[in-house]
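Subject: Structure handover

Hello,

Here is the structure I promised to pass on. My notes on it follow below.

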Amino acid sequence: MIGRSLELALPVLRLLRGAGFTIDCICTRKALRGHPAIERFVWARDAASVVQHAALAIRQRAYQLVVLTDDKTIRQIVLSPPCELSEQEKLRLLPVASPRDFHHLSSKIGLSATLAAHGVTTPEFAPVGNPQELASAVRQMGFPLILKGDFSSGGSQTFKLLNEQQFRELPQPFGFFPAVLQRHIQGPLIAIEAFYQDARLVQFGYAKALRLQHDNEFSPSCLREFSPRAHLDARLVDELTRLGAALGAHGFANISCIECPADGKRYYFEADLRPTVWCDYPRHFGDDPALRIRGHFLAGETRGTSCPAGEDLPERITLAYPLRLKWWEVLTNRYACWRVWPDDAWAARIVLRRSKHQLLAILNLKAARHWIRRRLKRSPRDRAAR
């Protein structure tokens, strides 16, 4: 396991330990040293040394599975020059089945083009490389649209363009080129955590995002409504199988789509080949991903050879991710979040750090200052209309 995030590492360690793996870890976070699931820990001093340690590890040992936990680490390995990592060494590290699949890693443009080329339903899109191309694409496609920086995460370079006014209000100069312009699809946001090997679907969990962190529509989710697999649309497995084949997926996948009520289709717009903090959540309703992954490595089981789980469960199960809730929500057990509290002490460090930031935001009147800024940014026309 290789990465930079403590939060993303914890659920992966829990899952892989449950699947029966012996785990070596390369991480920039010293806090993971001493974790009981890790047999051998290597601290990477900085981003550059992550690649150096990763190269040394795969040259010394043969691993059944390599997990890169974050987008930045994936991108760093993709862009590493041949003097640091050969193409075959990259393939041993990256979550794809062949070198021809490298092009869509850490690239929203590459992802959209790959999905469209393989017949996966994805929103209409246009790559843009400068302000002139952006203005031209907006005129051709028409509103509503979503604009995203080609390499971005957590919604940091994502902008909704529902009308001409929002297009004019983009940050100037817009500094996130190249970027991709996508058709905005109305409908529920669906999150799917999957695991593939050699582009074959091994397991997946399916949920509707009910609430997003900081109540920001482009932020990670903190509350989800899960559906056990026995209650899902039968077409879903075929769609995920086609998506995995299109991407050459070989490891964890963080997949997002919109269920469009207008035509009944699912529009896939995100498929980052890495785990998320939700990757092991189906274990809370009896569909443990660790057991399915273990079954694959021991007996070659895939989604096609295993039975759907959850026939005796309700159609919808609401679960929170407590480390993204506000501190008072954790204290009051909102959404019954204590029942899914991570079973390792390292999670408490994340809660304490975030609680400190939330308390400082209150003391600094952050919410009030944001409200005043939003009021001041309103156009004269908007203020007159009110």
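Does Q157 count as buried or exposed? At 17% relative accessibility, Q157 counts as buried. The cut-off for buried is under 20% relative accessible area. Please keep in mind that this is a predicted model.

Where Q157 sits: it lies in the loop between strand 5 (145–149) and strand 6. Leaving aside residues up to four places away in sequence, Q157 touches L147, K148, G149, F151, S152 and F176.

Now the overall picture. The protein has 13 helices and 13 strands. Of its 386 residues, 52% are buried. Take the contacts between residues at least 6 apart in sequence: 64% of them join residues at least 24 apart. The accessible surface comes to about 18,800 Å². Carbon and sulfur atoms account for 53% of that surface.

Next, the aromatic rings. Searching the whole structure turns up 12 aromatic pairs. One of them is F159 with F176. Their ring centres are 6.1 Å apart and their planes stand at 25°, so this pair is stacked. Planes under 30 degrees apart count as stacked. F159 belongs to strand 6 (residues 158–161). F176 is in the loop between helix 7 (164–168) and strand 7 (179–183). The pair therefore ties together parts that are 17 residues apart in sequence. F176, which Q157 also touches, is partly exposed, with a relative accessible area of 27%.

How are the rings of F195 and F297 arranged? Their centres are 6.5 Å apart and their planes are at 55°, so the pair is tilted. This pair links distant parts of the chain, 102 residues apart. F195 is in strand 8 (residues 189–197), and F297 is in helix 9 (residues 289–299). The two partners also have their own burial values. F195 is buried, at a relative accessible area of 0%. F297 is partly exposed, at 22%.

There is also a cluster to look at. Ring pairs link F226, W278, Y281, F285 and Y321.

Last, two charged residues over rings. K30 lies over the face of W43, at 4.2 Å from the ring centre. R229 lies over the face of F204, at 5.7 Å from the ring centre.

A viewing order, if you want one:
- Q157 and its contacts, F176 among them
- the stacked pair of F159 and F176
- the tilted pair of F195 and F297
- the cluster that includes W278 and Y321
- K30 over W43
- R229 over F204

Best wishes

Terms used. Residues numbered from 1 in each chain as written. Predicted model: local features only at pLDDT ≥ 70, side-chain atom pairs only at ≥ 80, totals over all residues. Heavy atoms only, no water. Phe/Tyr/Trp six-rings, centres within 6.5 Å; stacked < 30°, edge-to-face > 60°. Helix = DSSP H or I, 4+ residues; strand = E, 2+ residues; numbered from the N terminus. Buried < 20%, exposed > 50% of the residue type's maximum accessible area, 1.4 Å probe, protein only. Lys NZ or Arg CZ within 6 Å of the ring centre and 35° of its normal. Contact = heavy atoms within 4.5 Å. Areas by Shrake-Rupley, 256 points an atom, 1.4 Å probe, with all protein chains shown as cover.
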